[in-house]
Structures are given as C-alpha cells and as structure tokens.
Amino acid sequence: MTKATFRYIFLYCVLMLAQVVVLNRLVLFNCAIPLAFIYLIMALPASFSTNKSLTLGFVTGLIIDAFMDTYGVNTLSCVILAFVRKPVLHMYISRDEEQSTQPSTMRTLGASVFMRYALTMSLIYTAAMFIIEAFGFPDIKRLLLRIAASTVYTFIVICAISGLYSSSRREKKL
C-alpha cells in the first residue's frame, strides 16, 4: 500500500467519525444537515474504477445508515453519488486529465473547478437523500428548502475540508 492509500484511509476514518459524532448533531433550524462524508467519494481520483467507487459508496452509506437510523437512505444515495462521480467530473475536466491518479481535491483541480464540482455533487446527494427519505413529494416547499439548505451547508463544509486537507499536504512538502 502506498502512502496516499494510508492517507486516504486515515481521512476516511476521521471523516466518518466526525460525521457520526459531531456533524449529525449540527442541524441548522431543523432543516440543514452537513454531510461531509460525501467528500470521501468526491475526492477519489478520476482514474478510480466505477466498480470500486460503487463498493466504497455502498460501504460508506451502510456505515452512516447504521449510526443515523435511516434504513438504507444514505446507502442508496452514496451509491447514486458514486455512480455519477465520473460523468460529473468529466463535465469539469478534460479527457486528458481523466487518467490522473491524483485525488479530486481543490489543490489538484483548482479552486474554481473544484467548487463547481463540489456544489454539483452536494446537490445530487442531498436531492437524492431527501427525495428517497420523503418517498414522494408531500410538502414540496419543505423538501426544496431542505435540499437547498443542506446543499449549501454541505458545500461549505466540503470546501473547508478540502482546503484544510490540501494546505496540510502542501505544508508537509515544504
């Protein structure tokens, strides 16, 4: 295993623990939830295979579901996110960069591209999660408010995590 793999495993453990212990309790106005653990799926390199990312998404969602008592909602949403990861990434990067083994972070993609990518992925995940959770559209205004608020909250948290993760790696190189 490489140093990057160990770094990713460490990040995985830290983010999953932070989501379960801290972030699940930081609900704003009983509406917005920060879903920082989706950064784990988003940060995978462009060259990472779809089958592996689907498996990682399934396991990640299953762990979150076990602690949030959501009965498969996060599992399905994570699998959906892992499935659309490559097509969404290809909307923002060229085919030449597809073979990159670098993680899809703010440092490797650039701030502008990463922010568009993170916002799109946050919107996809929160929309999938809340629509599956509602299992219909009983209160469309509340559903749209939860999707919008959680997307913005998740986007801010993910940008902060990516910025911290990128800056800590940059300091180690100096």
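The following legends describe close-up views of a predicted model.

**View 1. Helix α1 and its buried side.**
Helix α1 comprises residues 3–21, 19 residues in all. The distance from its first C-alpha to its last is 27 Å, close to the 27 Å expected at 1.5 Å a residue. Buried positions in α1 are L11, Y12, L15, M16, Q19 and V20. These residues lie on the same side of α1, because they cover an arc of only 150° around the axis. On the face turned away from this buried side, α1 carries the exposed residues K3, F6, F10 and L17.

T60 belongs to helix α3. With a relative accessibility of 0%, T60 counts as buried, since the term applies to values under 20%. Leaving aside residues up to four places away in sequence, T60 touches Y12, M16, F37 and C78.

F58, V59, L62, I63 and F67 together make a nonpolar surface patch of about 450 Å². One of these residues, V59, is placed in helix α3, which spans residues 50–68.

Most residues other than glycine have a negative phi. D69, which is not a glycine, has a positive phi near 55°. This residue is located in the loop between α3 and α4, the latter helix covering residues 73–92. D69 counts as exposed, because its relative accessibility of 53% is over the 50% cut-off. Y71 is found in the loop between α3 and α4. Although Y71 is not a glycine, its phi is positive, at about 55°. Y71 has a relative accessible area of 77% and is therefore exposed.

**View 2. Helix α6 and the residue that follows.**
Helix α6 runs through residues 111–134 and contains 24 residues. At 1.5 Å a residue, α6 should span 34 Å, and its end C-alpha atoms are 34 Å apart, so the two values agree. F135 follows α6 and has a positive phi, near 50°.

Conventions. Residues numbered from 1 in each chain as written. Predicted model: local features only at pLDDT ≥ 70, side-chain atom pairs only at ≥ 80, totals over all residues. Heavy atoms only, no water. Patch = residues over 30% accessible without salt bridge, like charges linked within 9 Å, V, L, I, M, F, W, Y side chains within 5 Å. Areas by Shrake-Rupley, 256 points an atom, 1.4 Å probe, with all protein chains shown as cover. Salt bridge = Lys/Arg side-chain N within 4 Å of Asp/Glu carboxyl O. Helix = DSSP H or I, 4+ residues; strand = E, 2+ residues; numbered from the N terminus. Expected span 1.5 Å × (residues − 1). Buried < 20%, exposed > 50% of the residue type's maximum accessible area, 1.4 Å probe, protein only. Arc of directions from axis to C-beta. Contact = heavy atoms within 4.5 Å.
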